[in-house]
Amino acid sequence: MRAPAPAYAANDGVIDAATAALGGNLLSGVEAVSEVALHVDRESLIETMTALRDTPGLEYQQLMEIAGVDYPDRPDRFEVVYCLLSLTRNHRIRVHVQTDEVKPVPSVTGIWPVAGWLEREVYDMYGVLFAGNADLRRILTDYGFRGHPQRKDFPLTGYVELRYSEEQKRVVYEPVQLAQDFRTFDFMSPWEGAEYILPGDEKGMLPEAKGAPTPLKADEIQKAGAAKADAPSPARTPKVTENVTQTGEGKAEPTPKRSRKPKDPDVIPTKGKGQNQ
């Protein structure tokens, strides 16, 4: 059974072909997890991309994506990653260039016009500048947004928040005001005996010292069923019924007399025979 996704061509010979085509513009080529990554010089990016597109044996005609990566510890903290696809060879590679907050990266919009919006996204999220992009504006955040959200040093809450003001009849920007402080998390497991009490747990606890041990040991604690089985049962006395009030039949009354039918003046009873005889 064939795989649901298309099987891409093997990476054999790709780095050698890129080295021959790019020469000194290729800083390093790495193959890892079945993917090829080419680290190239930033200043020669346009020449490098043109060679990767037009050189026979490479022919990466399409630019699929541009992504940004932030490494704050590096002098050139940002990496711009270009994902290329060869339709004729059915193969993908990644091209990496490094830069910082000041040095611009040459725009590849002259090779692939779709790069215009992709470069705007990297600029919006990371603040990377692209020389030659005719419309380098923010694309995901608002016009007055401060900072770049995908940077590692960007605060999680941002700097300002916006809301619609009924008084001013417009959207206003205000400093961020958190409804509650950030919770402090630790890595102590409650199942392993954490040495703290969560808010609300004190309502169901006995008034004892914090973290006090159980006065009884595990082998000294008996189950409720076992305690009842070990306890001697009291002697049972047989039930004796003395009168009708104890049997539940009701209140004790004298035996009633046998009821007699009322006399009918039209019926004449005869001795030893029925009433009509």
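These notebook entries record what I looked up in a predicted model of one protein chain.

**Entry 1. Ground rules**

I number residues from 1 along each chain as its sequence is written, and side-chain values use heavy atoms, with hydrogens and water left out. Because the model is predicted, local features need pLDDT of at least 70 and side-chain atom pairs count only at pLDDT 80 or more, whereas totals for chains, interfaces and linings use all residues.

**Entry 2. The chain as a whole**

I began with the secondary structure and found five helices and nine strands in the chain. Helices (H or I, at least four residues) and strands (E, at least two) are DSSP runs, numbered from the N terminus. Along the sequence I read the pattern α-β-β-α-β-β-β-β-α-β-β-β-α-α.

I then looked up burial: the chain has 277 residues, of which 25% count as buried. Buried means under 20% relative accessible area, exposed over 50%, and partly exposed in between (1.4 Å probe, protein chains only). The accessible surface of the chain comes to about 21,400 Å², and 54% of that surface belongs to carbon and sulfur atoms. These areas come from the Shrake-Rupley method with a 1.4 Å probe; for residues, only the protein chains shown count as cover.

For contacts (heavy atoms within 4.5 Å), I noted that residues 24 or more positions apart account for 45% of those with a separation of 6 or more.

Which residues of α1 are buried? I found Val14, Ile15, Ala18 and Leu22. They lie on the same side of α1, because they cover an arc of only 95 degrees around the axis. The arc is that of the directions from the helix axis to the C-beta atoms. On the other side of α1, Asp16 and Ala20 are exposed. I recorded β1 (26-32), β2, α2 and β5 as the elements against which the buried residues of α1 pack. Just after α1, Gly23 takes a positive phi of about 65 degrees.

In α2 (residues 45-54), the buried residues are Leu45, Thr48, Met49, Ala51 and Leu52. Their arc is only 160 degrees around the axis, so they too are on the same side of the helix. Their cover includes α1, β2 (35-40), β4 (78-86), β5 (91-99) and β6 (105-106).

Where does Asp124 lie? I located Asp124 in helix α3 (residues 115-126). Asp124 counts as buried because its relative accessible area is 0%. A polar atom of its side chain lies 3.2 Å from the backbone nitrogen of Ile139. Leaving out residues up to four places away in sequence, Asp124 touches Arg138, Ile139, Leu140, Thr141, Gly147, His148 and Pro149.

Asn133 lies in the loop between β7 (130-131) and β8. With 14% relative accessibility, Asn133 also counts as buried. I found a polar contact of 2.9 Å between the side chains of Asn133 and Glu119. Such a contact is a pair of N or O atoms within 3.5 Å; within protein, one must be able to donate a hydrogen and the other to accept it, and residues adjacent in sequence count only if both atoms are side-chain atoms. The side chain of Asn133 also reaches the backbone nitrogen of Leu136 at 3.5 Å.

**Entry 3. A nonpolar patch**

I next examined a surface patch formed by Tyr159, Val160, Leu162, Tyr164, Val171 and Tyr173, with about 550 Å² of accessible area together. Patches are made of residues with over 30% relative accessible area and no salt bridge: like charges are joined within 9 Å, nonpolar side chains (Val, Leu, Ile, Met, Phe, Trp, Tyr) within 5 Å. A salt bridge is a side-chain nitrogen of Lys or Arg within 4 Å of a carboxyl oxygen of Asp or Glu.

Which strand gives the largest share of the patch? Strand β8 does, with three residues. Strands β8 (160-165) and β9 (170-175) each supply at least two. Val160 lies in β8 and is partly exposed, at 32% relative accessible area.

**Entry 4. Positive phi outside glycine**

I noted that Ser34, in the loop between β1 and β2, has a positive phi near 65 degrees. Ser34 is exposed, at 63% relative accessibility. Glu59, in the loop between α2 and β3 (62-70), has a positive phi of about 55 degrees. Glu59 is partly exposed, at 26% relative accessibility.
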